[in-house]
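The sequence and structure come before the comments.

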Amino acid sequence: MLLDAFEELASEKNMEDISVSELCERSTVRRNTFYRHFNDKYAFITFYLQTLAERFKVEAGSGYDLEELSDYASHMHKALIRFFESHQESMKYAMGRTVPVSTVDMIVTHISEGIISRAERGLNRDGHTPGKPVELLGYFYSAGMLHTLRWWYFEGKPVAPELLEQYCTDFLMRCYAGFEEQA
């Protein structure tokens with residue numbers, strides 16, 4: 001109930017301006033109950049942002065079964081675009097400068113692990129030894145992709161979602177091809 005009420009309030013005003021009293025009133029949760037679980041509103045916001053990262057994992061769920069890096073990347077790009085669009089205010093807040101980076105880190109780690117495992121499998125299948133550069137590719141690309149989506153979404157969507165997904169997937173695959181050539 002608190003999470004739903006918080007999202008409703010966040011669609012009406014800046015998250016920083018939401019008080020515990022408003023949140024408790026909107027959710028019909030008593031203040032004593034709130035403070036039994038959270039020290040203050042910032043502890044609750046941290047919990048909310050961690051929940052947001054977990055929601056992304058659930059919403060992007062079907063992509064984990066994809067074996068090929070290009071299929072996985074395409075799926076994750078689409079999932080991130082949908083996620084940004086359906087959680088606009090929350091993502092704006094999560095990507096802000098005043099928030100702990102835990103939410104962004106959790107999403108980047110999640111996507112990079114998928115990229116790394118698929119890239120390693122592809123290189124192993126081709127008889128190459130992956131090594132540390134594949135980890136660099138996974139983390140560099142995942143962080144870059146998330147911040148590219150931040151730019152895309154909050155700067156007015158200068159590119160259609162389908163093109164953005166295609167450009168990002170093509171870019172990752174070109175980077176990966178460079179690793180294949182070096183291996």
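1. What share of the contacts in the chain with a separation of 6 or more comes from residues 24 or more positions apart? Such residues account for 69% of these contacts, where contact means heavy atoms within 4.5 Å.

2. On provenance, this is a predicted model, in which local features need pLDDT of at least 70, side-chain atom pairs count only at pLDDT 80 or more, and totals for chains, interfaces and linings use all residues. Residues are numbered from 1 along each chain as its sequence is written, and side-chain values use heavy atoms, with hydrogens and water left out.

3. The chain contains 9 helices and 0 strands; helices (H or I, at least four residues) and strands (E, at least two) are DSSP runs, numbered from the N terminus. The C-alpha trace spans about 60 × 35 × 30 Å along its principal axes.

4. Of the 183 residues in the chain, 42% are buried. Here buried denotes under 20% relative accessible area, exposed over 50%, and partly exposed in between (1.4 Å probe, protein chains only). The chain exposes about 9,900 Å², of which carbon and sulfur atoms supply 51%; accessible areas come from the Shrake-Rupley method with a 1.4 Å probe, and for residues only the protein chains shown count as cover.

5. Helix α2 (residues 20-27) has Val20, Leu23, Cys24 and Ser27 as its buried residues. Viewed down the axis of α2, these fall within an arc of 95 degrees, so they line one face of the helix; the arc is that of the directions from the helix axis to the C-beta atoms. The buried residues of α2 pack against α1 (2-12), α3 (31-37) and α4 (41-59). Just after α2, Thr28 adopts a positive phi of about 60 degrees.

6. There are 14 aromatic pairs in the structure. Rings of Phe, Tyr and Trp (its six-membered ring) pair if their centres lie within 6.5 Å; planes under 30 degrees apart count as stacked, over 60 as edge-to-face and the rest as tilted. Phe38 and Phe47 form a tilted pair, at 5.4 Å centre to centre and 50 degrees between the planes. Phe38 is buried, at 11% relative accessible area, whereas Phe47 is partly exposed at 35%. The pair of Trp152 and Tyr153 is tilted too, with centres 5.8 Å apart and planes at 55 degrees; Trp152 and Tyr153 are both buried.

7. One aromatic cluster is formed by Phe6, Phe34, Tyr35, Phe38, Phe44, Phe47 and Tyr48. Elsewhere, Arg118 lies over the face of Tyr72, 4.0 Å from the ring centre; the criterion is NZ of Lys or CZ of Arg within 6 Å of the ring centre and within 35 degrees of the ring normal.
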